[in-house]
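Try each task before you read its solution.

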Amino acid sequence: MRVLIGPANFAGQGWEWGRAAERELDGVGVQVFMFTRPDGFNYPCDYGVPAPVYRSTAWGIQQEDYVPQHFTHVLIEAGRPVLGFAHGGEVPAEAARLRAAGVAVAMLAHGSDVRLPSRHAELYPHSPFTDTEWDLVAKLEAQAERLGAIINEDTGLAFVSTPDLLDDVPRATWLPVVLDLARWACPTVPLERERPLVVHAPSNTRIKGTELIEPIVERLAEKGLIDYRRITGVANADMPALFAQADVVLDQFVLGSYGVAACEGLAAGRVVIGHVADRVRDRVGEDLPIVEATADTLEEVLDRVCSERDWARAQATSGVEYVRRVHDGRRSAQVLSAFLE
C-alpha cells in the first residue's frame, strides 16, 4: 500500500502520522507533501511544493497524472486540494477523479478548517468566538462552512485531529496527534525549586486565552509565588529545551480541547494546565492528565500546584504515561488501518 498525505502537514502531523503508519503497519509506505512558503513554518516532509508552484496549472496537471500511478490511498488534509489547481482546486471533484482511477480517498480535518465559530460559541461557555466584534470570527465562519461541507458531504472515511472537532464532523473518527516522545523526554523532575517556573507559548493569544490568564500569572509572579515567562518567536526545534527548564506549562483556556502543544508539555513531564471541556474529556475515553482550569479558577489551581507538590508531580507523571499510550503513534496507526484495509 502506497499512501499520500497532504498538502497541509500542519504542526508536522502529516509527517508524524505517516511515519507511525510505516512503523506499525505491515506493507505500508507513506509520502507526505506540503505546500511551503518562504516565511512559514515548514515541518519535515517527503517533498515540499512552493506555494506558487502548487497553484500553477502545469504542476497540477503533472500531479493529477502522477498520483493515481504511484499511490493506492490518499488522505486529503484540511480541505486543500492534493492535485493542485489544474481544475480549479475543487476537492470533491478531485476526490471523485482519484476514486474513479482506483485510489481510496479519505478526508482529515485539523481545526479551524471545520471548527464552526457559531457552533463553538453555543457549546463552549468560554469560547473566544462569542465576541461578534472580532473581525476574524466572520472569516473563520465562512471558511469552516465551506471546508466543513467538503468533509461532511464526502462519502469516504473522515478523521479529525482533536476530539472537539467531532462536534463539527460527527461521522469522523478521532486520529490522535503524534509526537516523537524521545525528543521531548526530560530527565529533570518538576517543582523542585522554591518558585516554580510557569511558561505559556501562545501561537495565537486570542485563541489561547492569553489576555484572560496573563494578568493572573503576572500578579502571582509579583507576589513571589511563581516565576512566569511567555514564550514567543521560538522555533519548534528549540522548544524541548525550554520546556525542560519549566515546571508548569499553561496551554489554552478558551477552546475547551487540547492538541499538539499540550501533548508536548505532557511528554516533557511538566504539569500542564488548561481548559478541556467535559464533552471533550468524555471522548478521550480515559483520564486526561491536563489539570483543569479556566481564567476564573487558574489562581486557585496554581496555588494548589505550589502547595501540593506531590499531587502536582503525580499529574506530570501521569501525563508522560498518557502520551505514551495515546500519542506515540501506535493508536493513530491503528485508527488509520481501518482506511488502509
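**Exercise 1.** Is arginine 19 buried or exposed?

*Solution.* The model is predicted. Start with the position: arginine 19 sits in helix α1, residues 13–24. Next, take its relative accessible area, which is 15%. Buried means under 20%. Therefore arginine 19 counts as buried. Last, look at its contacts. Leaving out residues up to four places away in sequence, arginine 19 touches Val30, Val32 and Asp46.

**Exercise 2.** Find the residues that touch the most other members of the largest nonpolar core.

*Solution.* This core has 31 residues. Those touching the most other members are Leu179, Val199, Phe243, Tyr258, Ile290, Tyr322 and Val323. Now trace where the core comes from. At least two residues each come from α7, β8, α10, α11, α12 and α14. Helix α11 gives the most, with five residues. Then pick tyrosine 258. Setting aside neighbours within four places in sequence, its contacts include Trp174, Ile290, Tyr322 and His327. Finally, there is a second, separate core of 29 residues. Ala95, Ile150, Ala158 and Val169 are among them. In soluble globular proteins, nonpolar side chains tend to be buried together.

**Exercise 3.** Describe the lining of the second largest pocket.

*Solution.* First, the volume: about 200 Å³. Second, count the lining: 16 residues. Nearest the centre lie Cys186, Ala267, Ala268, Gly269 and Val320. Third, sort by class: 10 nonpolar, three polar and three charged residues.

Conventions
Residues are numbered from 1 along each chain as its sequence is written. This is a predicted model: local features need pLDDT of at least 70, side-chain atom pairs count only at pLDDT 80 or more; totals for chains, interfaces and linings use all residues. Side-chain values use heavy atoms; hydrogens and water are left out. On a 1 Å grid over the protein atoms alone, a cavity is a set of points where a 1.4 Å probe fits but cannot get out, and a pocket is an open set with protein on both sides within 12 Å along at least five of seven lines; lining residues have an atom within 4 Å of a point. Grid points are joined across faces, edges and corners, and a volume is the space filled by probe spheres set on the points. Ala, Val, Leu, Ile, Met, Phe, Trp, Tyr, Cys and Pro count as nonpolar, Asp, Glu, Lys and Arg as charged, and the others, Gly among them, as polar. A nonpolar core is a set of buried Ala, Val, Leu, Ile, Met, Phe, Trp, Tyr and Cys residues joined through side-chain atoms within 4.5 Å. Buried means under 20% relative accessible area, exposed over 50%, partly exposed in between (1.4 Å probe, protein chains only). Helices (H or I, at least four residues) and strands (E, at least two) are DSSP runs, numbered from the N terminus. Contact means heavy atoms within 4.5 Å.
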